[in-house]
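Dear colleague,

Please find below the structure that I am handing over to you.

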Amino acid sequence: MSGGCQATGIGVSRGIAIGRAYRLQRKCFEISERLIEPDQVEQEVARFYHAITSAREKLRTILDKIPEGTRTDVAAFIDTHLLMLDDDPLSETPVEMIHHLHYAAEWALKLQRDALVQVFDEMEDPYLRTRKDDVDHVVNLIQQFLQNSEEEEEALESLRGRIILAKDLTPADTILFRHQGIAGFITEYGGPMSHTAILARSLGIPAVVGLHEAAECLRNGQMLILDGDSGTVIGNADEETLARYGKRISDGEARQQRLRKLIGKPATTRDGLRLRLMANIELTEDIANTRALGADGIGLYRTEFLYMNRAEAPREEEHFQAYRRAVQELAGIPITIRTLDLGADKQLEENPTREAAASNPALGLRAIRLCLKQPQLFIPQLRAILRAAVLGPVQIMLPMISNLDEVRQIKAMISQVERDLEREGVAFARGVPLGGMIEIPAAALAAPAFCRELDFLSIGTNDLVQYTLAIDRVDDEVSYLFNPLHPAVLRLIQMTIEAGRLSNTPVAMCGEMAGDPRYIPLLLGMGLREFSMQPNSLLEAKEILRRCDSVELSRAMERIRERIARGEAPDPLPQIHHSTI
Ligand code: PEP
Ligand code: MG
């Protein structure tokens, strides 16, 4: 028993934190219409500019506080907000309203905010709509200064070791709090792809988001346990629970020390089968860590990050610079670049889009469908990938494929891009391997056909489980049904691996299942040879695989295969438990 209040949200950044809660009380700016006298205009404009200057200074101070060696993307979040402070729509239009309409500064800013948000809401492109959050974050900062309600610095000084409890956090908050040594944070809103979640992972802060009303039972000052792996938060835990989690922290540290001894050793089973262990990354900055851990490659480079937190889609040059850097830093280690997978869960909560408002966003216009519908979003990415492929081994991977026609259309686009680049005299690589993600049951069932059309496949179990079992992967009400061991899911995985084996098409897995110690021996027994996972799971996976015997596992699998074929859950492999740490 925990002995206190327990709530579950979405664990978006791994690790356990124990610390006292600090509830962040943000003033809710209820701004009502207020007019000023004509002779107050100059003073009001000065007051507005002063607030803008103070907001700018505050953001610059935060920039200075970004720890050495922290990713440049972290600074980019703040730079975006600084640029917005200089943009006319935020800095000049309210001034015009003060001049011409005699509005008070707060009221002018509020009206301008509402107008901007409405424009963003009406935009077609999901990535452009992410800008709405940025507008709110920057406007709130200016309002804080206008209303002299900036949080007391001294209050924030006592944050070392605390767990922040907030409705939502801005990227700037996250950076600032990390600088002040917080142990973790919990928010009521936000999803795994929110800016704040991405930053938490980048900065290594354990975090749980999407706790909703459950967060109400957590109190300021209360001792909290935050489990960023499972998304669990426990308030006022009893001694026994505290001791148990405390031990998990120290065990985890000791384990990490032990696992580091595996760096440089091959991922080979006891009977000498060499496997490929690769990493999933979201930022080019993750590559250094991935290399340090000795990954055999990048099995999934999620490129959505390039599209987030900005006003315009990245141009070809920006794509190219990101991929060039990745390929060069990898120095010959292969990378699989997944083309953009925006839509559905990739903008949930913090960015309510037209798709998210649709009744079935996960079945809507996302990933490859969006690319085919909006080639202007996709072609620059394709061009950049082909250009970067001159510099090292690159593969292209298409998310969410469901039929061969999609693949053929993409192939035609690639051929066109090749012709264009050739005509323009731009250096590019021909014949870049093209693969597809098996994330939809239909694609798994049709895997033999995809094997004929593509150079490789990669099983995305996060979506495959979602679509097979009809459970929204980010809805915690149904998360108890998210079961990769469901016989239907296992059959689809088995069919895909088998199609690859029969046609000599490499099949990898890059969904979370591939890095989960509970499933690794089973996947090996099913014939999976390429595993791609979060970098911090690599060494643990290697340890498990090195303890497995593939021949023994294949033998044990015969019975399991029969069970799966009958629609029964697999019985445990003895080796799974033996080899699980
Ligand atoms: C997956 O669906 O398993 C996958 C790896 O893709 P993502 O999690 O980015 O949707
Ligand atoms: Mg997916």
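The notes below cover the metal site, the cysteines and the positions listed in UniProt.

Please bear in mind throughout that this is a predicted model.

Metal site

The magnesium ion (ligand 2) has two coordinating residues named here, E439 through OE and D463 through OD, at 2.0 Å. These residues come from distant parts of the chain, 24 residues apart: E439 lies in the loop between β13 (434–438) and α18 (441–445), while D463 belongs to helix α20 (residues 461–469). Both E439 and D463 are buried.

Cysteines

How many disulfides does a search of the whole structure find? The search finds one. The disulfide is formed by C5 and C217, whose sulfur atoms are 1.8 Å apart. A disulfide is a covalent bond between the sulfur atoms of two cysteines.

The two partners fall into separate accessibility classes. The relative accessibility of C5 is 16%, so C5 counts as buried, given that buried means under 20%. C217, at 30% relative accessibility, counts as partly exposed, because that class lies between the 20% limit and the 50% above which a residue is exposed. Two further cysteines may be noted: C510 counts as buried because its relative accessibility is 1%, and C548 is likewise buried at 1%.

Positions listed in UniProt

Under "binding site", an unreviewed UniProt entry lists R302, R338, N462, D463 and R473. One of these, D463, is also a ligand of the magnesium ion described above.

R302 is found in strand β10 (residues 297–302). Its relative accessibility is 13%, and R302 therefore counts as buried. Leaving aside residues up to four places away in sequence, R302 touches N280, I281, E282, R338 and N462. Among these contacts of R302 are R338 and N462, which the UniProt entry also lists under "binding site".

R338, for its part, is placed in strand β11 (residues 335–338). Where does R338 stand, buried or exposed? With a relative accessibility of 2%, R338 counts as buried. The side chain of R338 also makes a polar contact with the side chain of E304, at 3.0 Å.

Yours sincerely

How values were computed: Residues are numbered from 1 along each chain as its sequence is written. Chains are lettered from A and ligands numbered from 1 in the order in which they are written. This is a predicted model: local features need pLDDT of at least 70, side-chain atom pairs count only at pLDDT 80 or more; totals for chains, interfaces and linings use all residues. Side-chain values use heavy atoms; hydrogens and water are left out. Donors are N, O and S atoms within 2.8 Å of the metal (3.2 Å for Na, K and Ca); water is not among the atoms, so sites may look incomplete. Helices (H or I, at least four residues) and strands (E, at least two) are DSSP runs, numbered from the N terminus. Buried means under 20% relative accessible area, exposed over 50%, partly exposed in between (1.4 Å probe, protein chains only). A disulfide is a pair of cysteine sulfur atoms within 2.5 Å. UniProt positions are given in the numbering used here, feature names are shortened, and annotations may be inferred rather than shown by experiment. Contact means heavy atoms within 4.5 Å. A polar contact is a pair of N or O atoms within 3.5 Å; within protein, one must be able to donate a hydrogen and the other to accept it, and residues adjacent in sequence count only if both atoms are side-chain atoms.
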